[in-house]
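Here are a few friendly notes to read alongside the model. Have a look at the structure first, then follow the points below.

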Amino acid sequence: MRFVEVVLLEPDKHVVALADAYFFPPFQPSLLPRTKGGPVIPTKLPPRRARLVVYNKKSNETSVWIVELSEVHAATRGGHHRGKVISSEVVPDVQPPMDAMEYAECEAVVKDFPPFREAMKKRGIEDMDLVMVDPWCVGYHSDADSPSRRLAKPLIFCRTESDCPMENGYARPVEGIYVLVDMQKMKVIEFEDRKFVPLPPADPLRNYTPGETRGGVDRSDVKPLQIVQPEGPSFRVNGWFVEWQKWNFRVGFTPKEGLVIYSVAYVDGSRGRRPVAHRLSFVEMVVPYGDPNDPHYRKNAFDAGEDGLGKNAHSLKKGCDCLGYIKYFDAHFTNFTGGVETIENCVCLHEEDHGILWKHQDWRTGLAEVRRSRRLTVSFICTVANYEYGFYWHFYQDGKIEAEVKLTGILSLGALQPGESRKYGTMIAPGLYAPVHQHFFVARMDMAIDCKPGEAFNQVVEVNTTIEEPGENNVHNNAFYAEETVLKTEMQAMRDCNPLTARHWIVRNTRTVNRTGQLTGFKLVPGSNCLPLAGSEAKFLRRAAFLKHNLWVTQYSPEERFPGGEFPNQNPRSGEGLATWVKQDRPLEETDIVLWYVFGITHVPRLEDWPVMPVERIGFMLMPHGFFNCSPAVDVPPNACELDTKDNDGKENGVSKSVQNGLLAKL
């Protein structure tokens, strides 16, 4: 038995919202359901339950267990917990995600396979310590990939120096060798040396460690930059509960999603604690490659569903991954034996200066007011084979929430025959090229705009900027306006970005208004984005039908958590997940809304992306839209440096220097 995943079985939303209203400051009886005797006070927490995904290696079966946990005294069971199995169910025709132990075993099996050793010997490699075997899930391209077997098709790379552990081994891909591994029986079941492709020569620019880059000389003119908060941070942390600048939320972590943000709310003066979202997370990412040649056409990893973003997270190094006064959270997982493993300093919480928040200078007087912007950042970073991905949630003083992904790491390369070139990629070095590919991410946002416990009064509106037709209402041909359309059902709410109309979407509470009588809401503002460039019949789109649109909106269902279904690994079912759920065409007016935003980047590699790629950024914004009665950032105080400057600005002849300067500038 292998324990693939053990996570908290999250309580019902209304139970969490009720507990939030009661336990989180400020306490607001008005948010609690009422009876004749007054507000209903929660007196008992729900039972603590775990959800287990278990893989039976002997029978090749996957099952889901629900276990209720009950604490017992240390004297009776050595401090352990005893659980009671509530239910267990075998899930047919699926394969769960791979784990690191399987990958390590697969690499060892391939290296020990005699035909593989012979094929490497033909390429001049006899030292197996130089060989890197990266197991990739096979995906699903035909019945041969069906989940009746647990399969992997590794990619092979080869380093040049056995005594250099930090050498960039991805600089020498081994092509022409086909390997298929049965991960259940852990043996090579198919092998073929299909084509002899010479190993690319060792690239002198392949390494990225200090002293080994661009001729072996690092820059010498980089001076220290220190982030100092002498009075400590502005945030407060109590366990997993975070408070900062009127924002509050809880931090969570799962093996598949990584960082999860729960119970996001804003404390808005006399209006108290106002909910914004119940749950925010990144639930899937897909990386399809655009080269039709073997093995690249099979490279379409589902990094959350086939591997796990959380399981591939790593410990963050203080002073490098994050700067300033940092609060770290550890992440805890079960390994395949059921034991607990801890990633220390896995989630980073810190404040960042973010330039100007707002400013205005009166040209008549020369007097100016300016405020610095500060944001609270919660993040983690994971490594999936050659690539690194940083996932960030930024909270701002003006009420915005930004989701950001930073892409870095090493390109997945291919080898070329002498004199060969391919239009499906970029030549990086002699005999070495980087195929074009795309990175897609899916953010799942369980919204709760101004919703009290047990309420579900949200709707989604699409906004497009429309040009007024020339005529009586547009005699100057300059008119345009924002046109709103309510997305009434799930089938109507499959939408794509359109920068030509500045398209965005607003989640509104249909029962709460601001001072002008408009409904309160938050709008989703897209960043740069794209859609899949593969043809509509591409095999990977069977499992990734959710990539066909940038926005999906569904009515909340606790079972609908992952856009490609819970088990996309070797999934033979076409369109499972979002594309199937929305066919129910459930109503979306005055209901519990879940946004699924799909955003991507098309990566045409550059030479400047080698040997390690500078960070690419992609993301989107959640911005208040009528949620407040005015700018929530107008009460941010001036910075200390600004106050010092004002104090030092003496007056000359009764007229302030700023006024003098302003008048001179005007003259």
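1. A residue is called buried when its relative accessible area is under 20%. By that cut-off tryptophan 596 is buried, because its relative accessible area is 0%. Tryptophan 581 is buried too, at 15%.

2. Please keep in mind that this is a predicted model. The average pLDDT of the protein chain is 91, and 91% of the residues reach at least 70.

3. How many aromatic pairs does the whole structure hold? The search finds 26. In one of them, the ring centres of tryptophan 581 and tryptophan 596 lie 5.8 Å apart with planes at 50 degrees, so this pair counts as tilted.

4. Alanine 403 sits in strand β23 (residues 401-409) and counts as buried because its relative accessibility is 0%. Beyond its neighbours within four places in sequence, alanine 403 contacts Phe282, Tyr392, Trp393, Ile618, Gly619 and Phe620. Its C-alpha atom is 21 Å from that of glycine 564, 161 residues away along the chain.

5. Two lysines deserve a look. Lysine 406 lies over the face of tyrosine 392, 4.4 Å from the ring centre. Lysine 13 lies over the face of tyrosine 556, at 4.4 Å from the ring centre.

Technical notes: Residues numbered from 1 in each chain as written. Predicted model: local features only at pLDDT ≥ 70, side-chain atom pairs only at ≥ 80, totals over all residues. Heavy atoms only, no water. pLDDT = per-residue confidence, 0-100. Helix = DSSP H or I, 4+ residues; strand = E, 2+ residues; numbered from the N terminus. Buried < 20%, exposed > 50% of the residue type's maximum accessible area, 1.4 Å probe, protein only. Contact = heavy atoms within 4.5 Å. Phe/Tyr/Trp six-rings, centres within 6.5 Å; stacked < 30°, edge-to-face > 60°. Lys NZ or Arg CZ within 6 Å of the ring centre and 35° of its normal.
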